[in-house]
Every structure is written in structure tokens, then in C-alpha cells.
Amino acid sequence: MRQNDFIQLKQQEWQRFRETVESSEASDEDDLPKMFRQLTHDLAIAKSRHYSPTLVSHLNQLLLLGQQKLYKPHNHILMPLMAFVTQTFPAQLTEFRWYVMWAHILFYGVALVFFGITFFDPEFVRNVLPNAQVVQLEEMYDVTAPRFEEERASDNDFVMFGYYIFNNISIAFQSFVGGLLLGFGALYILLFNALYFGVVSAHIVNIGYQTTFFSFVITHGAFELTAIVISAAAGSVIGFSLLSPKKLSRINAMKASARKVFPLIFGSFLMLVIAAFIEAFWSSSASIPNGVKYLVGGFCWIWVLLYVFKRSSNEN
């Protein structure tokens, strides 16, 4: 077969091979290995028949492009995760923005009320926490405590990382499951954590340990508290679906709402993992100046709030 006849016979196949290599469609990639083998055979024919160096070079170049496409690393975890963080989770925050918004208002409103009560009545803390826990809390944030002067061992950081993940995620899970109790369970978890946060914060201020306390919680708190609020909002969606199932049975309404709010729960899980990592390796570090912690913590709060509410406001 003459070279020109060979080119005319194979030209469309080579063109389709190039288009497949340059395409991002997964369906096209399914045919690529077979096309790659055929192109390898075509190159072997071109060499054996001593076709022009130009044609051989062209086929070699196509094979190189195909090889790069076939053997490039495919990250099947990172890409879907990035898509979730940049698209799915924000979209769900927008869809359920009123639940998320009211959960935030309720949490910080209750926390502020009990902060004020405890600030003006220091003994109120003992109505919420047992005396032993109050003493433990005071020792934890005592400005003279060794933990604020000596760097913790790295192996202890990993232990605390695991502990923080378990503790934080258990709270978020309780909020989500609390939605099955017609939403009252999620509401209880939300209000209890708001009360606890407000009372503890005020007590710390009253005894003068606010520097060690707020420098410790400011950074990871942006992710942790927001995740707890969002998980409570997700639980309230399920609770509302049980109270008002419309045309569905309550079981089917619950299943449907649980599927819809699952991205909120998974997003909260990711935020709690971030919070646990920051708490274990950043917040507890004695080598980082408090001023840096406040600066980074302030940035985290601004970023988290913009992430949660910016798209909601754009939709209105």
C-alpha cells in the first residue's frame, strides 16, 4: 500500500485519536486504550514500509500525547472533594439558608444572653456546671499553667487530634439524629452548646483568664461552632419534614429530607476535622504568639462566615 493511500485510510482514526486525547469526556477515554493499541500498530506498519520520516514523527507525537493521557495520575478523591467544597456544599447552604441563618441567630443569641447573665452574676456558673468541672476549667486556662509555657510533644498532638475529632463529630451527629425527635433533639443540642459556650466564656472573663482562653479557641472555633450550628440546622430540616410531611408518609418524608441534607452533614464533618486539626496542632501551641493566633483566627471567622452566607445573599 502506498503512503498516500495509507494516510487516507487512517486519517479519520488518527484525528479521532487526537480529539479523544484532547477531550475531557470520560466516555471518550473509555475507547482510548483500544485506539492507542491501533495507533501503535499503524506506527509499526509505517516504519516497516519505510514511509516518510514526517509521517513516522507525526504518529510518534500522537502516541506520546496518548501515553500522557493514559498514564497521568487520576485522583479520584481530591477532585470530587474539591467539587463538593466549591459547589455542592455551598449550594446546599444556599438552599437551606433560612434554617442555617436561624440556627446561627439562635445559637449566638442564647450564648450572648447567658454570657451577660454569668458576667453580672458570677455564681450563676455553678447552676450550669458542677463545682469540680468549674475548678477543672479554671486550671485548664490558668495563665500560669505549664501548658501555656511548654510546647506539647508531637505524639500528644496526634492523640488530642483523634480525641477532638471524636468529641466534635459526636456533637454534630447528635444534632443530626436529634432531628428524628421532631427537631427537638437538634434544638436541645444547639441550645445546650450555646448556653455552655456563653456561661464558660463569661466565667473565664470574670476570673481574668480571657487571654489564654480566647487565643486558644478563636481559630478552631470558627470551624467548630459553625459546623455544630449547621448540623443542628440539618437536624431541624428533618424535624420539620416529620412535622409537615405534606403528601408523603412521615417515614418517606424523613428519608427524603435526610438525603437532601446529607451534604450539610458531610460539610459539617469536614469543618470539624479542620477544627480538630487546628485545635491539636495550632491552638494548643505555646510557641505561636497570641497576636498571631488572633490575626489568623479573625481571618478564619471572616472566611467561614463569607463562605456560609455569601452565596445566600447573592441569591436574594
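1. Please keep in mind while reading that this is a predicted model. The protein chain holds 13 helices and zero strands, and its pattern along the sequence is accordingly written α-α-α-α-α-α-α-α-α-α-α-α-α. Of its 316 residues, 40% count as buried. Among the contacts between residues at least 6 apart in sequence, 77% join residues at least 24 apart.

2. Helix H3 covers residues 32–48, and its 17 residues should span 24 Å at 1.5 Å a residue; the end C-alpha atoms of H3 are 24 Å apart, which agrees with that expectation. The buried residues in H3 are Leu32, Met35, Phe36, Leu39, Asp42, Leu43, Ile45 and Ala46, so that Asp42 is found in a list with several leucines.

3. Leaving aside neighbours within four places in sequence, Leu43 is in contact with Val56, Leu59, Asn60 and Leu63.

4. Most residues other than glycine have a negative phi, and His50 has its positive value although it is not a glycine. His50 is placed in the loop between H3 and helix H4, the latter being residues 53–71.

5. Helix H6 has 24 residues and reaches 34 Å from its first C-alpha to its last, close to the 34 Å expected at 1.5 Å a residue. Its buried residues are Arg97, Val100, Ala103, His104, Phe107, Val110, Ala111 and Thr118.

6. Two packed helices are described by the angle between their axes and the distance between the axes. For H6 (residues 97–120) and H11 (residues 210–243), the axes come within 8 Å and cross at roughly 120 degrees, which makes H6 oblique to H11. The crossing in which H6 passes H11 is right-handed. On the H6 side the contact is made by Tyr99, Val100, Ala103, His104, Phe107 and Tyr108, and on the H11 side by Leu225, Thr226, Val229, Ile230, Ala233, Ser236, Val237 and Phe240. By class, this contact has eleven nonpolar, three polar and no charged residues. Val100, Ala103, His104 and Phe107, named here as contact residues, are also among the buried residues of H6.

7. A second pair is formed by helix H5 (residues 78–95) and helix H12 (residues 250–283), which pack at an angle of about 120 degrees with their axes 9 Å apart; H5 and H12 are therefore oblique to each other. Their crossing is left-handed. H5 contributes Leu81, Phe84, Val85, Thr88, Phe89, Gln92, Leu93 and Glu95 to the contact, and H12 contributes Lys260, Pro263, Leu264, Phe266, Gly267, Ser268, Leu270 and Met271. The residues of the contact of H5 with H12 divide into ten nonpolar, four polar and two charged.

Notes
Residues are numbered from 1 along each chain as its sequence is written. This is a predicted model: local features need pLDDT of at least 70, side-chain atom pairs count only at pLDDT 80 or more; totals for chains, interfaces and linings use all residues. Side-chain values use heavy atoms; hydrogens and water are left out. Helices (H or I, at least four residues) and strands (E, at least two) are DSSP runs, numbered from the N terminus. The expected span of a helix is 1.5 Å times one less than its number of residues. Buried means under 20% relative accessible area, exposed over 50%, partly exposed in between (1.4 Å probe, protein chains only). Axes are lines fitted to C-alpha atoms, for helices over the stretch in contact, and angles run from 0 to 180 degrees between N-to-C directions. Angles under 35 degrees count as roughly parallel, over 145 as roughly antiparallel, 65 to 115 as roughly perpendicular and the rest as oblique. A crossing is left-handed if the near helix is turned anticlockwise from the far one by less than a right angle, and right-handed if clockwise. Contact means heavy atoms within 4.5 Å. Ala, Val, Leu, Ile, Met, Phe, Trp, Tyr, Cys and Pro count as nonpolar, Asp, Glu, Lys and Arg as charged, and the others, Gly among them, as polar.
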